[in-house]
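Here is a short tour of a two-chain model, written for someone who likes to know the cut-offs. Have the coordinates open, and we will go from single residues to the contact between the chains.

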Amino acid sequence: MMARLARAEMPRLRQMLFVAGAVAALEAVNRLTGVSGSLLVAEIIIMMVFASSLNLLMSFGHMVSFGHAAYFGLGSYGFALAITRFDVPAEAALVFGPLLAGIGGLVFGALCVRLTEIYFAMLTLACAQITYTVLFQWYDFTGGDTGLTGFMTPRFGLSEANFASAAMVLALVCLYVLWRVVHSPLGLAIRSVGQDRYRAEALGLSPRRVQLVAFVISAFFAGVAGTLFAVFHGNAFPDYAGLGFTLDALIMVVLGGLNSFLGGVWGALVYTLLKNFVPLMTAHWELILGLILLAIVLVMPHGLAGGVKRLAGMLGWGALR
Amino acid sequence: MLRLENVHASYDKSEALRGIDLSVTPGEVVCLIGRNGVGKTSTMRAIVQDQITVTQGRVSFEDSDLVGLRPYQIVRRGVGYVPEDRRVFQSLSVLENLRVPSAKAAGRRQWSLDDVFALFPQLYEYRRRTAGVMSGGEQQMLSIARSLLTNPRLLLLDEPHEGLAPKVAEEVVGAIIELKAEGVAMLVSEQALHTIRRCADRVYVVDRGQTVWDGTVEEFYAHPEITEKYLMVQ
């Protein structure tokens, strides 16, 4: 009986085919649309990792963070500071981004999980503002509002297309790890605490500890995205930890669809495309973007992932969960 | 194994319990009865320290004090708790619901998934179903099964028959009898005794936050005035 039960948790063939198809499509766009296409693909991929890290908290832990960019920014700065202030070789510095973000997640998370719901959200916002302010004002160390620039050749000198491909491989690894987390006993603990912390506690789980672990994992992967972003542009600015990036991530997750693993992926894809193309068409792009987002949310209450799932169901595929 | 002595407890400022005394010995099924709102649920909550503050008195389990511990710490010591609203994790499957506690087992008898499926065969049949769409009775079975996977030596069941059809309620009684045979001690709250008279050993009557009577099931039936005074709707 148990062997049969365990098999259900392995990725199914159709899901793997879907992932392979998506990778092939992105890689085709990356290779066939020139430099601007590759830059766009790289940005989409980085945002997919960032949004998916927030999605772990929101969709599965039911923890709404209003300060997720803090960990994205710490990722960028962990990487950039290791090179500029501690003379770590750039390749080795890559680990310091996610590491600093994870440590930030541990410190701020320990504080935030003491509260729940809106109070939790406000604390995450406060922690992010603290991070932003420190990055913005500590001129001697972080470079203040001018950020850190010129410490490396952007993308380690890789061509735009090769960087996008490399980012894609890394993103696949990150998404796979996140997928495994969600489907592990820890993921179940995160989901059960998210749905009903009192019930989960009555079953022997410590809600705060579970939430803290989720918070650190989420911060770590936001840090991976932030590090990639710093490599992509060859710089780090306080804005990376600012409200703008936090809002982008929130919009991506909600747009993509809560309660779905692929919510962050779909949201990052569509939102990044809209953000890049709508401004080319009109000067009032923010208004148009807002209207498009409103329309999507109204038409697809379960987000893009929910919409895709429904469409797949109508077509009889039923694999795109 | 469980002992409550003169327990007073309150939610914020409002006092819910004003002197609860009770005990449960190993392997025993004890019934807590009383009208709606007299403090049965609060008593259960005071035992596992769930959303209520014990302001006076002592709650002990196997000679260690429970007041001040977190609910999960109490559960890990071997007290299973199936609350009144039998909240299952709605969007998780039956199997996932059952796996939530399995990572945290601590007790003497190690319950496995196969064990609870043997006790509640329907759960195996519905294992892939989303818990939220199951009937009330099925959710109650799931809620009990899930608590068993914390390996409790004492199980608290808060009004397990509430809102269940008589036939389903009978299945729950069957499960209680089987668990009793397994040696699991239980504290069961009910609005009336008749639903579980077949398996209860002793009875406590609660009124206005206090235990007002206790005795065996036979003694309870020998004193119809108790029912009249504390349990009839006035």
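## Residues with positive phi

Gln51(B) counts as partly exposed, because its relative accessibility is 33% (buried means under 20% relative accessible area, exposed over 50% and partly exposed in between, with a 1.4 Å probe and protein chains only). Gln51(B) sits in the loop between helix H1 (40–48) and strand S4 (53–61) of chain B; helices (H or I, at least four residues) and strands (E, at least two) are DSSP runs, numbered from the N terminus. Its phi is near 60°, a positive value in a residue other than glycine. Most residues other than glycine have a negative phi.

Asn6(B) also has a positive phi, near 45°, without being glycine. This residue lies in strand S1 (residues 2–11) of chain B, and its relative accessibility of 34% makes it partly exposed.

## How to read the model

This is a predicted model, in which local features need pLDDT of at least 70 and side-chain atom pairs count only at pLDDT 80 or more, while totals for chains, interfaces and linings use all residues. Residues are numbered from 1 along each chain as its sequence is written, chains are lettered from A and ligands numbered from 1 in the order in which they are written, and side-chain values use heavy atoms, leaving out hydrogens and water.

## A buried glutamate in chain B

Where is Glu190(B) found? It belongs to strand S8 (residues 185–190) of chain B. Glu190(B) is buried yet has no salt bridge, a salt bridge being a side-chain nitrogen of Lys or Arg within 4 Å of a carboxyl oxygen of Asp or Glu. The nearest side chain of opposite charge is Lys40(B), 8.2 Å away (Lys and Arg count as positive, Asp and Glu as negative; His and the chain ends are not counted).

What Glu190(B) does have is a side-chain polar contact of 2.4 Å with His161(B). A polar contact is a pair of N or O atoms within 3.5 Å; within protein, one must be able to donate a hydrogen and the other to accept it, and residues adjacent in sequence count only if both atoms are side-chain atoms. Not counting residues up to four places away in sequence, Glu190(B) touches several others, including Cys31(B), Leu32(B), Glu159(B) and Ile196(B) (contact means heavy atoms within 4.5 Å).

## A buried serine in chain A

Ser218(A) is found in helix H12 of chain A. Why is Ser218(A) counted as buried? Because its relative accessible area is 0%. Its side chain reaches the backbone oxygen of Ser53(A) at 2.7 Å. Leaving aside neighbours within four places in sequence, Ser218(A) is in contact with Ser53(A), Leu54(A), Leu56(A), Leu57(A) and His68(A).

## Where the chains meet

The contact takes 22 residues from chain A and 29 residues from chain B. The two chains bury about 2,500 Å² between them, 59% of it on carbon and sulfur atoms; buried area is the accessible area (1.4 Å probe) that two parts lose on being put together, summed over both.

Three salt bridges are found across the interface of chain A and chain B. Arg70(B) forms a salt bridge with Glu201(A), with the closest N and O atoms 3.4 Å apart. On the side of chain A that touches chain B, helices H1 (2–7), H10 (185–195), H11 (197–202) and H12 (207–233) of chain A each supply at least two residues, and the largest share, five residues, comes from H11(A).
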